[in-house]
Every structure is written in structure tokens, then in C-alpha cells.
Amino acid sequence: MYVAGVRALVEPSFWLGQPRTSPASFYDYFDALLGWEPFRAAQHGIAHHCTLALNPKEANDPRCLPVLDELPRYLVKDGVVAVGEIGYDAMTPAEDTALSAQLQLAADHGLPALVHTPHRDKAAGLARTLDVVHESALPTDRVLLDHLNETTVRAATDSGCWLGFSIYPDTKMDPDRMVRVLREYASERDRILVNSAADWGRSDPLKTRHVGEAMLAAGFTDDDVDQVLWRNPVAFYGLSGRLDLDVEDTTPQATHEGNSILRGAPVTTATRATEEGR
Ligand SMILES: [Zn+2]
């Protein structure tokens, strides 16, 4: 990612790909997003921040709900630049409650909110999301609606929220469609953010770079690319007052709680030769 030009990232907390069985598994996860992950990113020259929340899917599992009461002690930490991902998955009453409670937490902590919009029934999901946002104490200019596509971008634009597009290899959005949206919504370009993923599905963290390349090939300028891939994310997450883009200088031997990114001894020419000869 560093070689591809990535200098900073925001890692949102989300589902694991299988259900968590207790709130305690959130706390270890949040600690990793605030501890090991920034350490690991700094080893590669990348500044790391996170967003924390009870994700939409697990808002439906009563075993996970106690995390809502513990979130305040995490939301005060320096590495947290938004509450998120929050929003709707299956649009249940339990998700209504978790979404409005966490919008309030964002307002209480002076944080913006990263709002996931549902993958199924997207237009209705966005409308319901906006109803809850408008009822909340959080102004729309502190809300990022993510995973937008051609079916939701118009309504999202009219809402006054920030506009997020997640680029994936097979789902959500691809670079060429993103370029068409950027052209059609040129007047909104100062609040459009493009993101990529490295999650449990088929995903590719370098899709952000691919969008930049597709934009340049389509006649956009370097400044346009800088705006949607750098300046807008910096402006949005900077609303937290906590964005720190300096990366600590470290060595590969540095450790976090006793662990380095080196697993075992570094491979030297001598050990490699021995392994190859085996
Ligand atoms: Zn999401």
C-alpha cells in the first residue's frame, strides 16, 4: 500500500465474518484497532486511525448490545476519528435503536459518524437512514454516508451529508463507474470520498489507487485525484480534531506489547539458502 502511494488510512470497526459471542470480543478488537494496527501501519510508513462502533449486523444480537455502554470509554481515545460503521443491515427495530444511540454518542463526543448504507434495498435503506440522521443531534455535515452507488447518490447529495463510495473487485462500485459518478456529480466533488477495503470478502485495498488512475485516464487532473483520495478524507475525519498524519519513525525490530512485525528471525541469505537446500 505504501508503494502504491497510501500514506494514511482509517480502519472502521465492523463484523468479523462470523458472530461474536460476547461483548468482550469487541474490547480486544477495539484495543487492536487502537494498539497493534497503528503500530503495524507505522512500520510501513502509513498513519493509522480507526472508527469504533457496534456494527449494524451485530446490533441484532442481544449478546453484543452491552458494547453500547462501554463505547464511551473508547471514543475518548486519540486514534478514534469517528463513530462507525453504524447504520442499517436488515433494517430491524434493533438496528434503529443502535443507530440513533450511536449518532447521539458521536454528538456527545464531538466526533463525526461513518454510516454504512445497506447492500439490499438500497434506496429504502438510505431513506430510513436519513430519517434517523435528521432526528439526531448530529448535523448532516458531520455524517459520511458510505457504500453509495448510482441508485442512492442523488438522495444522498440532497441530504447535505458527505458522500462515500467503496470500491470492490466484484461488488458495490468499480473504478470506471466511479469515474462516471465523479463526472456527473462534479459540483459535489468537494464532499465525495472514495475508499477501498481489505475485508473478509473479495476486496482490494489498492482500488483507491485504481480510481486515481482511471480518473487521470478519463481527463481528470492530479488536483481532482488529490481532492477525492486525500483532501476530502482529511477534511471529514479531521472534524474529529484528532487526525495526526505524522508517522512515527520506527525500526522493524520495534515491538508493541512485546511483539514485533517480524515473526521469528529475519530471513537472511544464509537461512534462505539452507531452507531452499532442504
Ligand atoms: Zn459497511
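This is a predicted model: local features need pLDDT of at least 70, side-chain atom pairs count only at pLDDT 80 or more; totals for chains, interfaces and linings use all residues.
**Entry: histidine 147**

I began with histidine 147, which counts as buried because it has 23 C-beta neighbours inside 10 Å. My rule for burial is this: a residue is buried if 20 or more other C-beta atoms lie within 10 Å of its own, exposed if 12 or fewer, and partly exposed in between, with C-beta atoms placed from the backbone. I found histidine 147 in the loop between β5 (143-146) and α6 (153-159). Helices (H or I, at least four residues) and strands (E, at least two) are DSSP runs, numbered from the N terminus. I also noted that histidine 147 has a positive phi of about 60°, although it is not a glycine.

Residues are numbered from 1 along each chain as its sequence is written.

Methionine 91 sits in the loop between β3 and α4. Is methionine 91 buried or partly exposed? It is partly exposed, because 17 other C-beta atoms lie within 10 Å.

In strand β3 I came to glutamate 85. A cis peptide bond joins glycine 84 to glutamate 85, with omega at about -10°.

**Entry: asparagine 55**

Glutamate 85 turned up again when I checked asparagine 55, which touches Ser13, Phe14, Trp15 and Glu85, leaving aside residues up to four places away in sequence. Touching here means contact: the C-beta atoms of two residues, placed from the backbone, lie within 7 Å. Asparagine 55 belongs to the loop between β2 and α3. It is buried, with 22 other C-beta atoms within 10 Å. I also looked at histidine 116, which is 61 residues from asparagine 55 along the chain, and their C-alpha atoms are separated by 8.9 Å.

**Entry: glycine 241**

Glycine 241 counts as exposed because it has 8 C-beta neighbours inside 10 Å. Serine 13 is 228 residues from glycine 241 in sequence, and 19 Å from it in space, C-alpha to C-alpha.

Which residues of helix α1 (residues 24-34) are buried? I found Phe26, Phe30 and Leu33. They lie on the same side of α1 because they cover an arc of only 60° around the axis; the arc is that of the directions from the helix axis to the C-beta atoms. A reminder for me: an α-helix has 3.6 residues a turn, so residues three or four places apart point the same way. Ala24 and Asp28 are exposed on the face of α1 turned away from its buried side. The buried residues of α1 pack against β1 (8-12), α2 (36-42), β2 (47-52) and α3 (67-75).

For α3 I listed Val67, Leu71, Tyr74 and Leu75 as buried. Seen down the axis, they fall within an arc of 85°, so they line one face of α3. Asp69, Pro72 and Arg73 are exposed on the other side of α3. The buried residues of α3 pack against α1, β2, β3 (80-87) and α4.

**Entry: two helix pairs**

Two packed helices are described by the angle between their axes and the distance between the axes. Axes are lines fitted to C-alpha atoms, for helices over the stretch in contact, and angles run from 0 to 180 degrees between N-to-C directions.

I saw that α3 and helix α4 (residues 93-109) cross at roughly 25°, with axes that come within 11 Å. They are therefore roughly parallel; angles under 35 degrees count as roughly parallel, over 145 as roughly antiparallel, 65 to 115 as roughly perpendicular and the rest as oblique. Leu68, Leu71, Pro72 and Leu75 of α3 meet Ala98, Ala101, Leu105 and His109 of α4.

Helix α7 (residues 175-184) and helix α8 (residues 207-217) pack at about 55°, with axes 9 Å apart. This pair is therefore oblique.

**Entry: the chain**

Last, I noted 10 helices and seven strands in the chain. Of its 278 residues, 37% count as buried.
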